[in-house]
2 protein chains.
Amino acid sequence: MYSIAIEDYLKSIWKLGPKDVGTQELASHLDVKPASVTKMVLRLTEMGLVDHTPYKGASLTSEGELEALSVVRRHRLLETFLSQTLGLGRDQLHAEAERLEHALSKELESAIADYLGNPERDPHGHPIPGPNGELFGETDLPLSDSPMNEILTVMQIPDYDSSVSSWLENNGIFPGVKLEIKSRDDFDGGINCEVNNHIVRITSSIASLVKISKED
Amino acid sequence: MYSIAIEDYLKSIWKLGPKDVGTQELASHLDVKPASVTKMVLRLTEMGLVDHTPYKGASLTSEGELEALSVVRRHRLLETFLSQTLGLGRDQLHAEAERLEHALSKELESAIADYLGNPERDPHGHPIPGPNGELFGETDLPLSDSPMNEILTVMQIPDYDSSVSSWLENNGIFPGVKLEIKSRDDFDGGINCEVNNHIVRITSSIASLVKISKED
DNA sequence: TATAAAGTTTAGCCAAGGCTAAACTTAAAT
DNA sequence: ATTTAAGTTTAGCCTTGGCTAAACTTTATA
């Protein structure tokens, strides 16, 4: 069993990867100081979980990636489970799962997966890695790069910022919803979408985190 | 938020209390060395969670007890929730709840309590403290001290040893079951019970942990 | 009541995982 | 091509929560 701190480092490197992740970037993502990151990355390198090139950055070894995917699997299964059973809102799920993911045994993980019927996506539409790290569904496109005047299906929304989740929810944007880009602002990348007979303006930073699929 | 270690110390002192708990007793319950206990107990005393009389023992202050009860509440709610949703066996519940109890937010705690309809007992029959530490149902008697030839209702079985839980389960003994003491062994305190038309012999150490109620 | 045994505490050590301040690299800008 | 700025690493410190070994109390026994 790895410590909570180690699991958090691996998960962050995975999220910020797959290319080399800088010390500062990792530090701000984990909310610690860069010096702490350097020290921990050295330990993770010793442990064979991370490859580190001094002054360049860090990336996961295949062993590290497997462990990161296991944490992500637990996180996303928990989100799905809490949503299904307790009906928690999409904006509350992330924070709760973030805590619980480190305390989930293999047995409970698979009991939950069975209960849920081995789902492939969590309530934000994010793909749930399989028990051995298999990850499908990474083919969804950012809304920011999608064509205009075509019917698109929302596949994934971001999970880590509950104010963004709830803003999207309030504007009718969540996995499964159909929308169409009507126009875009060439200066700031903002997008005007028609969703459910309303026009919603989405900033480019949010649009790059909403993933869609074209066919369907 | 208290650390996991602190929550575990408070919970153990609560379980072993309410009278002063010795260093060694606490150490073996927590699976650490006595010297570690002394050190931590001093810290807890500084924090106002524990009263400590050197060479005598430790007990909870009212603030410490409130915190201990909060941990116990989380533990027992989780056991009930996991039993209800996933159908985990009584023998698996304790170990899972033990881990998760430290990662449960107030919000999730109350969402679970609401979902369950604010239950008063967990699947082992142990009373669940209320959100402010209210604890009912402490009137159940140990089976070891109960009269013979009377119909008794099993109220509580121990939770921390899964082999005991599953042994009891396999012998038809769990909360709600009726039984009758037919004879007892005056030397070792063992008890012969009729339960469900079978005779089951229960050792005195287990019998002191099974709690019953006389009036039904 | 003196002494041995049992239990408790103190002292000092260690690893994990943070931090700050200072040194060092690399990249950018004159 | 230098200098500066930005990013990274090193060095050294701190707290938490373990440990062992030695000292100290208390309790039980002779």
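At 38% relative accessibility, B:Arg99 counts as partly exposed (buried means under 20% relative accessible area, exposed over 50%, and partly exposed in between, with a 1.4 Å probe and protein chains only). Its partner in a salt bridge is B:Glu96, at 3.7 Å from N to O; a salt bridge is defined as a side-chain nitrogen of Lys or Arg within 4 Å of a carboxyl oxygen of Asp or Glu. B:Glu96 is buried, at 6% relative accessibility. Because B:Glu96 and B:Arg99 are three residues apart in helix α5 of chain B, about one helical turn separates them. Helices (H or I, at least four residues) and strands (E, at least two) are DSSP runs numbered from the N terminus.

The structure is a predicted model, in which local features need pLDDT of at least 70 and side-chain atom pairs count only at pLDDT 80 or more, whereas totals for chains, interfaces and linings use all residues. Residues are numbered from 1 along each chain as its sequence is written, chains are lettered from A and ligands numbered from 1 in the order in which they are written, and side-chain values use heavy atoms, with hydrogens and water left out.

Over all chains, the structure holds 26 salt bridges. In chain A, A:Arg99 is paired with A:Glu96, their closest N and O atoms being 3.7 Å apart. A:Glu96 is buried at 5% relative accessible area, whereas A:Arg99 is partly exposed at 38%. A further salt bridge joins A:Asp188 and A:Arg201 (2.7 Å, N to O). This pair links distant parts of the chain, with A:Asp188 in the loop between β5 (178-184) and β6 (191-195) and A:Arg201 in strand β7 (residues 198-202), 13 residues apart. A network of salt bridges connects A:Glu7, A:Glu67 and A:Arg74.

Between chain B and chain A, about 1,400 Å² is buried, 77% of it on carbon and sulfur atoms; buried area is the accessible area (1.4 Å probe) that two parts lose on being put together, summed over both. On the side of chain B, B:Leu86, B:Ala103 and B:Leu108 lose the most area to chain A, together 34% of what that side buries. The contact (heavy atoms within 4.5 Å) takes 15 residues from each of chain B and chain A. Across this interface the rule finds zero salt bridges. Helices α4 (62-86), α5 and α6 (106-116) of chain B each supply at least two residues of the side that touches chain A, and α6(B) gives the most, with five residues.

Chain B can be laid on chain A by a turn of 180 degrees and a shift of 0.0 Å along the axis, with an RMSD of 0.0 Å, which is the relation of a two-fold axis. The superposition is by least squares on the C-alpha atoms of residues with pLDDT of at least 70 in both copies. In chain B, the C-alpha nearest the axis belongs to B:Leu100, 3.2 Å from it.

Leaving aside neighbours within four places in sequence, B:Arg90 is in contact with residues including B:Pro123, B:His124 and B:Glu169. B:Arg76, with neighbours within four places likewise left aside, is in contact with B:Trp14 and B:Asp122, among others.
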